[in-house]
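The following exercises concern one protein chain.

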Amino acid sequence: EVTFRLDYTAPNIGREFGTVYFGDKNVAYLVVATGWAKVKEQGPKGGEQLPYVAELQRLEEVAKQHGLGRWSK
């Protein structure tokens, strides 16, 4: 089962942001952990980093260390 959870709304740009789950698994985490995607660099925007970004960066580093997906030789 695929579900979507709304995380926050950015009223100034009229967009909603959320998380997609496959069962109880966060799809973004799965994609990054398998090396299928790179985490976008977070530039200085004056705001604090969203809590899930640190976990995505950690998962990306593990994928790099294990040579998975885009990090394979």
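**Exercise 1: A residue in the first strand**

Leu6 has its place in strand E1, where helices (H or I, at least four residues) and strands (E, at least two) are DSSP runs numbered from the N terminus. The model is predicted: local features need pLDDT of at least 70 and side-chain atom pairs count only at pLDDT 80 or more, while totals for chains, interfaces and linings use all residues. Residues are numbered from 1 along each chain as its sequence is written, and side-chain values use heavy atoms, with hydrogens and water left out.

Task: State whether Leu6 is buried, partly exposed or exposed, and list its contacts beyond four places in sequence.

Solution. Step 1: apply the accessibility classes, in which buried means under 20% relative accessible area, exposed over 50%, and partly exposed in between (1.4 Å probe, protein chains only). Leu6 has a relative accessible area of 42% and is therefore partly exposed. Step 2: apply the contact criterion, heavy atoms within 4.5 Å. With residues up to four places away set aside, Leu6 touches Glu16, Phe17 and Gly18. Step 3: consider a C-alpha distance. Leu6 and Val20 are 14 residues apart in sequence and 9.0 Å apart in space, C-alpha to C-alpha.

**Exercise 2: Aromatic rings**

Task: Find how many aromatic pairs there are, and which charged residues lie over the face of Trp71.

Solution. Step 1: rings of Phe, Tyr and Trp (its six-membered ring) pair if their centres lie within 6.5 Å; planes under 30 degrees apart count as stacked, over 60 as edge-to-face and the rest as tilted. The ring centres of Tyr8 and Phe17 are 5.0 Å apart and the planes stand at 20 degrees, so the pair is stacked. Step 2: classify the partners. Tyr8 is partly exposed at 33% relative accessibility, and Phe17 is partly exposed at 25%. Step 3: a charge sits over a ring if NZ of Lys or CZ of Arg is within 6 Å of the ring centre and within 35 degrees of the ring normal. Lys64 lies over the face of Trp71 at 4.9 Å from the ring centre, and Arg70 lies over the face of Trp71 at 5.0 Å.

**Exercise 3: Helix H2**

Task: Which residues of H2 are buried, and against what do they pack?

Solution. Step 1: check the geometry. H2 has 15 residues and reaches 23 Å from its first C-alpha to its last, close to the expected 21 Å, the expected span being 1.5 Å times one less than the number of residues. Step 2: list the buried residues, which are Val53, Leu56, Leu59, Glu60 and Ala63. They cover an arc of only 125 degrees around the axis and so lie on the same side of H2; the arc is that of the directions from the helix axis to the C-beta atoms. Step 3: identify the surroundings. The buried residues of H2 pack against H1, whereas the face turned away from the buried side carries the exposed residues Pro51 and Gln65. Glu60, with 9% relative accessibility, counts as buried. Leaving aside neighbours within four places in sequence, Glu60 is in contact with Val32, Lys38, Val39 and Trp71. Step 5: follow the chain onward. Just after H2, Gly67 takes a positive phi of about 65 degrees.
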